[in-house]
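Here's a quick walk through one protein chain, written for someone who likes to know the cut-offs behind each label. Take a look at the model first.

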Amino acid sequence: MGDGTYRNPVLHADYSDPDVIAVGGDYYLTASSFGRAPGLPLLHSHDLVNWTLTGHALPALEPAAEFAAPRHDRGVWAPSLRYADGRFWIFWGDPDHGIQQINSPSIHGPWTAPHLIKAGKGLIDACPLWDEETGEAYLVHAWAKSRSGVKNRLTGHRMSPDGRTLLDEGTVVVDGDALPGWFTLEGPKLYRHDGWFWIFAPAGGVETGWQGAFRSRDFFGPYEERVVLAQGDTDINGPHQGGWVRTPAGEDWFLHFQARGAYGRIVHLQPMRWDAADGGWPVLGDAGEPVRVHRKPVAPQQPAARPATDDTFAGGGFGPQWQWTANPGEGWTAVHAGDGLRLACVPSADAHDLRLLPHALTQRLPGEAFTAEVTLELDAAEQLGARAGFAVLGDAFSWIGLERGEDGTTWLVHRFAETVAESERDAARPRPAPGGRARLRIEVSAGARCRFFADTGGTRGTGGTGGTGGTGGSEGEGEGAGWQASGPVFAATPWRWVGALLGLFAVAPEGAAGTASATCTDFRVRMSTD
């Protein structure tokens with residue numbers, strides 16, 4: 001904001017389990033990416049408030065075959081980002097395979113291939129520490145009960161300075177079961193400050209948990225504990241799991257997430273200080289409760305920024321805001337000289353259920369209320385049943401797009417599936433789409449309520465959120481009459497650990513003869529405050 005303050009969240013998008021570091025005057029952030037690819041998003045800021053998405057550190061997940069299909073509850077969980085010995089490091093736990101790390105001399109890469117530092121089930125939320133005081137290196141991690149039968153404890157190891165080998169079998173350094181009232185202890189971040197080893201770790205669950213701090217003079221304990229951030233009397237539920245960062249000006253700040261249903265785990269920034277009068281414990285937010293508005297960190301003034309959403313798909317490529325729902329496959333897109341994302345209509349036995357498709361190209365919901373538009377053209381003269389569309393994806397989904405009918409006609413279709421449904425069905429009656437082209441719009445309002453529109457004239461609309469934004473009209477009016485609403489309001493839902501996603505896709509029924517493709521152009525997002 002222009003008065004020297006900022007308003008939380010600083011990232012109103014699903015950057016789950018964030019971690020942050022400062023390198024000079026630059027701040028870098030990464031977050032969980034689960035089974036989507038590329039994984040490990042990399043964000044950059046000069047002031048901790050205005051962030052841009054610069055790329056990803058993990059092109060594809062390993063083992064590759066296990067991530068050939070969507071795995072929204074697997075993959076990269078709660079990564080830790082560090083800078084040590086002139087290199088950037090990212091450690092994370094894959095709950096089905098173990099703790100992995102990659103590193104690079106530059107945040108922009110190239111990053112090393114993933115190295116498995118500790119194999120096993122249920123090993124999650126790994127964080128390293130290179131102790132400049134002693135020259136020793138350490139690692140701490142949490143446990144997932146779903147894979148190991150163990151939770152609510154943190155295990156610590158000594159680690160080789162090259163980050164490739166653990167030097168012992170591991171010791172439980174914090175046992176949450178021994179702490180009255182503590183449960184679901186996870187997400188540790190390990191630091192050294194004022195002669196203490198500090199572990200910042202959340203507990204209490206995603207929706208309503210709190211942020212804990214633990215300290216000990218010895219890495220292996222014993223540790224004292226304290227709750228340092230909780231909802232209190234605010235409307236910010238579960239303010240926990242994130243990272244501490246110190247600025248060049250000597251200020252301390254803490255970034256964490258808040259679970260917001262279909263919007264995912266959005267990111268807040270809290271002021272932080274060390275209270276010498278209270279034994280040197282950290283104080284987060286406003287006396288331990290999260291702030292909504294606060295003075296910005298001391299830094300040179302920065303222009304307003306947020307992660308990119310719009311895309312012209314220059315040369316057939318796509319920007320870093322997009323991720324496949326699984327490891328990318330050959331032939332899903334085609335590079336060409338002009339603008340536009342050319343998607344192959346990949347034959348699939350799962351064409352009836354977008355939740356199962358690995359070749360859906362997605363990005364996070366970018367805010368509380370917004371309008372997203374894209375122009376879609378379907379070239380399916382040879383492949384009956386081929387379809388392509390623009391979707392809101394979660395445990396339930398809805399999409400609007402084009403389909404080549406059995407009679408050779410291209411239809412505008414709108415379909416959805418409830419959370420418990422195994423197949424999609426019509427959300428509105430199909431209608432012809434002359435020329436096989438349409439401009440598609442999804443309007444999202446507070447509460448992730450989604451309204452779908454189409455203009456089969458295929459031209460770019462100019463309206464804003466809160467209405468059809470064009471010539472209006474309702475379903476069933478004549479073709480080419482401008483924006484027309486389609487179907488009822490759809491309430492977006494999250495996946496198990498992931499917020500709802502905007503998605504583009506092209507697919508054909510299994511065994512369909514011939515080939516087909518869809519071209520997406522001029523993808524644009526307008527926030528409700530723009």
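What follows goes from the whole chain down to single residues.

This is a predicted model, so local features are given at pLDDT of at least 70 and side-chain atom pairs at pLDDT 80 or more, while totals for chains, interfaces and linings use all residues. Residues are numbered from 1 along each chain as its sequence is written, and side-chain values use heavy atoms, with hydrogens and water left out.

**The whole chain**

The secondary structure comes to one helix and 37 strands. Both kinds of element are DSSP runs numbered from the N terminus: helices are H or I with at least four residues, strands are E with at least two. The radius of gyration is 24 Å, close to the 24 Å that the globule rule gives for 530 residues, so the chain is as compact as a globular protein of that length. That radius is taken over C-alpha atoms, and the rule is 2.2 Å times the number of residues to the power 0.38. Along its principal axes, the C-alpha trace spans about 75 × 50 × 45 Å.

Buried residues make up 59% of the 530. Here buried means under 20% relative accessible area, exposed means over 50%, and partly exposed is in between, using a 1.4 Å probe and protein chains only. The accessible surface comes to about 19600 Å², with 50% of it belonging to carbon and sulfur atoms; the areas come from the Shrake-Rupley method with a 1.4 Å probe, and for residues only the protein chains shown count as cover. As for contacts (heavy atoms within 4.5 Å), residues 24 or more positions apart account for 59% of those with a separation of 6 or more.

**An open sheet and its loop**

Four strands make an open sheet, ordered β2-β3-β4-β5, with antiparallel pairing. Two strands pair if DSSP finds at least two bridges between them. At the edges sit β2 (19-23) and β5 (51-58), each pairing on one side only. From one strand to the next, the twist averages 25°; axes are lines fitted to C-alpha atoms, and angles run from 0 to 180 degrees between N-to-C directions.

Between β3 (residues 26-30) and β4 (residues 39-45) there are three bridges, and Tyr28 stands opposite His44 in β4. The loop between β3 and β4 holds Pro38, and the peptide bond from Ala37 to Pro38 is cis, with omega near 0°. Another cis bond runs from Gly221 to Pro222, with omega near 5°; Pro222 is in the loop between β16 (210-216) and β17 (224-229).

**A hairpin with both faces covered**

Strands β20 (residues 265-275) and β21 pair antiparallel over four bridges, and Met272 has Leu284 in β21 as its bridge partner. Five residues lie between the two strands of this hairpin, where Gly279 takes a positive phi near 80°. In a regular strand, side chains alternate between the two faces of the sheet. In β21 (residues 281-284), Trp281 and Val283 are buried on one side, and Pro282 and Leu284 are buried on the other.

**Single residues worth a click**

| Residue | Relative accessible area | Class |
|---|---|---|
| Leu40 | 0% | buried |
| Asp522 | 19% | buried |
| Gln101 | 1% | buried |
| His256 | 0% | buried |
| Ala119 | 58% | exposed |

What does the side chain of Gln101 reach? In strand β8 (residues 98-104), Gln101 extends its side chain to the backbone oxygen of Gly163, at 3.0 Å. Leaving aside neighbours within four places in sequence, its contacts include Trp89, Phe91, His115 and Arg164.

His256 belongs to strand β19 (residues 252-259). Its side chain makes a polar contact with that of Gln270 at 3.1 Å. A polar contact is a pair of N or O atoms within 3.5 Å; within protein, one must be able to donate a hydrogen and the other to accept it, and residues adjacent in sequence count only if both atoms are side-chain atoms. Beyond four places in sequence, His256 also touches residues including Pro18, Leu229 and His268.

Finally, Ala119 lies in strand β9 (residues 115-119). Not counting residues up to four places away, Ala119 touches His97 and Gly98. Its C-alpha is 23 Å from that of Thr30, which is 89 residues away along the chain.
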